[in-house]
Amino acid sequence: QRQMCIRDSYNCFGLLDFGGKRMEKTKSERNAYILRKYLGYGVGAIGMDLSYGLFNSFLNNYLTNVLLIAPFYVGVVAFCARIWDGINDPMMGTIVDNTHTRAGKFRPWILTGSLLNAVVLFFLFTNPGFSVSGSAVNIGLYVYVAVMYVLWGMSYTIVDIPYWSMVPVLTSDPQERNLAATFPRFFSGFGQIIIVVLTVPMLNLFGKGNDAIGFSYWSAICGVLLVLGCLVTFFTTKETVHPKPEHQEKFTLKRAFLTIKNNDQLLIFILTAICFNTGWYLTNGLG
């Protein structure tokens, strides 16, 4: 048993044991090992950013130019949704933290959230039959848009929170964690590029001049790719690091707010994040 522990330690530090002889892994072998281990984890970010990119970059255009929703109303809905996100996000974090299943605490929510978000994304960019008029307000359409807008944020939170919180359970090696975290950042850029480059051509391809039909088809494709990407993540990643029960402290929403209140460094960080996001959303909204 002691020899097995020593051998495993060698493997953790990039060493292999062959017949009692230690051979150091080459840099290329270690890179190949990291690539195989975390490639599937990063793939999930492509689909997530397809949904996020379509929502953030084209939803305002779709609502105001296709559904002819008043811009002021879109702004009010977006503001209310952001307020709810501030409550909903820590709630989801608490739920994930207290989840214990055979598949782990993160992976089940990633899969569930991707399915829900894909469905909501499609309905958000699809008019189920409401009349559209720039001169008359269709109350049903306005309510439908508000509900789908909020549901998109909630369903995206279900997949987003566990996905980006998953890195610490993938490996206990700090250096390897840093490498693991770069994969989704790298792949998320592909999702954004796909949205920026292909959205307009896809609207022309599927809609043939009718953007309502084009957005509906394109959102369905993005939703399918979102689910497929998260399926890859679900089946190729393993939650290998499990804190010992005696070292686990129960996490609650109340405790989260008390932690924030009593941590001046965290308060400064949150204030900085609020300022950054305020500027980002203002410039993004103007764009």
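Me: Which residues does Asn88 touch, not counting residues up to four places away in sequence?
Reply: This is a predicted model, in which local features need pLDDT of at least 70, side-chain atom pairs count only at pLDDT 80 or more, and totals for chains, interfaces and linings use all residues. Residues are numbered from 1 along each chain as its sequence is written, and side-chain values use heavy atoms, with hydrogens and water left out. Asn88 is placed in helix 3, residues 71-97 (helices are DSSP runs of H or I, at least four residues, numbered from the N terminus). With contact meaning heavy atoms within 4.5 Å, and residues up to four places away in sequence not counted, Asn88 touches Gly153, Met154 and Thr157.

Me: Is Asn88 buried or exposed?
Reply: Buried means under 20% relative accessible area, exposed over 50%, and partly exposed in between (1.4 Å probe, protein chains only). Because the relative accessibility of Asn88 is 9%, the residue counts as buried.

Me: Where is Leu68, and is this residue buried or partly exposed?
Reply: Leu68 lies in the loop between helix 2 (27-66) and helix 3. Although not a glycine, Leu68 has a positive phi of about 60 degrees. Its relative accessible area is 36%, so Leu68 is partly exposed.

Me: What is the phi of Lys208?
Reply: Lys208 lies in the loop between helix 7 (174-207) and helix 8 (211-236). At 69% relative accessibility, Lys208 counts as exposed. Its phi is positive in a residue other than glycine, with a value near 50 degrees.

How values were computed. Helices (H or I, at least four residues) and strands (E, at least two) are DSSP runs, numbered from the N terminus.
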